[in-house]
Amino acid sequence: MATYKKKYKPEGKKEQQEFDESEFETAGVLNTLDETASKSEQWIEKNSKPLFLALVGIVVLFLAYLGYNKYVVEPNEIEASNELAFPRKYFDEAATAGSGIDSLLTLGLEGADGKYGFLDIADAYSSTNAGNLANYYAGVSYLQMKKYDKAIEHLEKFNSDDEMLGPVALGAVGDAFADIDQPEQALEYYEKAANKKNNDFTTPLFLYKAGQTAMQLNKFDKAASLFTKIKDNYPTSDQGRDVEKFINAAKFATNK
């Protein structure tokens with residue numbers, strides 16, 4: 001009797017087929033990448049001159065920037081700083097002088113003996129740090145001379161992120177507005193000064209000035225809030241020692 005022999009499909013056939021399909025897909029991807037690379041090479045070859053010129057332009061600009069800083073900006077900074085020493089001498093003398101302050105401040109502002117004053121330096125070296133600082137000294141000088149409009153003009157030109165100088169300059173603008181009876185503007189600048197930098201000296205000082213100005217404007221809720229910030233955050237400051245009575249005064253005025 002003939003025996004029927006069942007044929008078995010060899011193991012691994014399916015896996016082999018899948019493997020072959022995978023190889024085919026990989027080959028397709030590689031071909032696509034080759035085509036893309038070839039197109040990129042063609043594009044680069046076609047545009048090599050513009051690309052080279054663009055690269056040269058970038059290098060030239062970078063070198064020009066370095067050269068400008070080294071041979072223009074840095075010498076200007078040094079020159080302006082040296083010029084600032086002369087009017088600073090009169091400004092410092094005015095701070096300790098018992099009389100004749102205005103004449104000393106005027107020398108600082110306008111210069112003398114062929115030397116620049118703060119006004120000249122602020123104008124001639126406006127792009128330098130010393131020129132920026134000259135605006136601060138000019139503004140404070142005018143403030144001491146009670147020339148408030150000019151004080152505001154120069155102090156508003158001054159900009160600094162210094163921990164002390166930035167807030168003090170803004171506070172000085174507030175003082176100028178307060179002295180010409182413009183309390184709304186004074187309050188605005190006192191708040192800017194208080195928020196400029198957080199430290200234990202300028203922040204409570206200008207919060208206090210802002211609070212007093214708010215009281216003057218009958219903004220009692222705002223005043224109470226400003227005084228409370230001093231109490232909560234700067235209790236050991238000069239303003240913090242007696243601030244409780246100002247908080248109570250503001251709250252009392254609110255409830256009237």
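The model is predicted, with local features needing pLDDT of at least 70 and side-chain atom pairs counting only at pLDDT 80 or more, while totals for chains, interfaces and linings use all residues. Residues are numbered from 1 along each chain as its sequence is written, and side-chain values use heavy atoms, with hydrogens and water left out.

Q: Why is the pair of Phe91 and Tyr137 called edge-to-face?
A: Their centres are 4.9 Å apart and their planes 75 degrees apart, so the pair passes the distance limit and falls in the edge-to-face range. Phe91 belongs to helix α2 (residues 48-96) and Tyr137 to helix α5 (residues 129-144), so the pair ties together parts that are 46 residues apart in sequence. Helices here are DSSP runs (H or I, at least four residues), numbered from the N terminus.

Q: What makes the pair of Tyr136 and Phe158 tilted?
A: With 5.3 Å centre to centre and 45 degrees between the planes, this pair is neither stacked nor edge-to-face, so tilted is the label left. Tyr136 sits in α5 and Phe158 in the loop between α6 (148-157) and α7 (165-179), so parts 22 residues apart in sequence are tied together.

Q: What makes Tyr136 stand out in the largest nonpolar core?
A: Such a core is a set of buried Ala, Val, Leu, Ile, Met, Phe, Trp, Tyr and Cys residues joined through side-chain atoms within 4.5 Å. Of its 52 residues, Phe118 and Tyr136 touch the most other members, and α5 gives the most to this core, with 8 residues.

Q: How do you know that Lys192 sits over the ring of Tyr189?
A: The rule asks for NZ of Lys or CZ of Arg within 6 Å of the ring centre and within 35 degrees of the ring normal. The charged end of Lys192 is 4.6 Å from the centre of that ring and is listed as sitting over it. Lys192 itself is in helix α8 (residues 183-196).

Q: Why is Lys245 called exposed, but Lys192 partly exposed?
A: Buried means under 20% relative accessible area, exposed over 50%, and partly exposed in between (1.4 Å probe, protein chains only). Lys245 has 52%, so it is exposed; Lys192 has 36%, so it counts as partly exposed.

Q: How do you know that the span of α11 agrees with what it should be?
A: The expected span is 1.5 Å times one less than the number of residues. For the 13 residues of α11 that should be 18 Å, and the end C-alpha atoms are 19 Å apart, which agrees.

Q: What puts the buried residues of α11 on the same side?
A: Val243, Ile247, Ala250 and Ala253 are buried in α11. They cover an arc of only 130 degrees (taken from the directions from the helix axis to the C-beta atoms), which puts them on the same side of α11. The face turned away from that side carries the exposed residues Lys245, Phe252 and Asn255.

Key
Phe/Tyr/Trp six-rings, centres within 6.5 Å; stacked < 30°, edge-to-face > 60°. Helix = DSSP H or I, 4+ residues; strand = E, 2+ residues; numbered from the N terminus.
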